Amino acid sequence: MLYRLAYVSSAVRPLSPDAGRELLLVSRRNNLRDEITGFLCYRNGMFFQLLEGRRSDVEKCFGRIYLDARHGAPPPS
Ligand SMILES: Cc1cc2nc3c(=O)[nH]c(=O)nc-3n(C[C@H](O)[C@H](O)[C@H](O)COP(=O)(O)O)c2cc1C
């Protein structure tokens with residue numbers, strides 16, 4: 001069964017075009033390998049990502065993303 005996970009986070013510092021390209025390169029490579037699809041949106045210093053795939057793979061992927069120092073919890077609204 002397809003498992004979906006979506007989250008919003010806040011970039012620690014503005015993402016440069018080069019840093020964005022690098023992030024996408026690594027993400028696409030890993031997600032292709034793990035058969036994960038979805039999208040990643042970056043706007044006004046915020047990320048919104050949807051991940052879809054096998055639950056174990058999505059959770060493993062999100063485990064890496066969660067620990068990534070380039071972003072953190074969004075500010076309270
Ligand atoms: C906002 C954000 C979204 C990310 N999305 C993904 C993703 O979809 N897939 C992925 O493998 N890594 C993603 N990453 C990168 C991971 O945090 C991590 O750096 C990467 O998975 C490490 O891959 P490696 O072990 O192949 O070097 C994302 C990072 C950030 C900050």
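Helices (H or I, at least four residues) and strands (E, at least two) are DSSP runs, numbered from the N terminus. This is a predicted model: local features need pLDDT of at least 70, side-chain atom pairs count only at pLDDT 80 or more, and totals for chains, interfaces and linings use all residues. Residues are numbered from 1 along each chain as its sequence is written, and side-chain values use heavy atoms, with hydrogens and water left out.

**Fold**
- The protein chain has two helices and four strands.
- Their order along the sequence is β-α-β-β-α-β.
- The C-alpha trace spans about 35 × 30 × 20 Å along its principal axes.

**Shell around the ligand**
- The ligand is surrounded by 16 residues, where near means that a heavy atom of the residue lies within 4 Å.
- Arg29, Asn31, Gln49, Arg64 and Asp68 are the closest.
- Helix α1 (17-33), strand β3 (46-53) and helix α2 (55-66) each supply at least two shell residues.
- α1 gives the largest share, six residues.
- By class, the shell holds seven nonpolar, five polar and four charged residues. Asp, Glu, Lys and Arg count as charged; Ala, Val, Leu, Ile, Met, Phe, Trp, Tyr, Cys and Pro count as nonpolar; the others, Gly among them, are polar.

**Polar pairs and burial**
- In the side chain of Asn30, an N or O atom is 3.0 Å from a ligand oxygen.
- A polar side-chain atom of Asn31 lies 2.9 Å from a ligand nitrogen.
- For Arg64, a side-chain N or O atom is 2.8 Å from an oxygen of the ligand.
- The ligand taken alone exposes 620 Å², and the protein buries 80% of that. Accessible areas come from the Shrake-Rupley method with a 1.4 Å probe.

Key
Polar contact = N/O pair within 3.5 Å; in protein donor to acceptor, adjacent residues only side chain to side chain.
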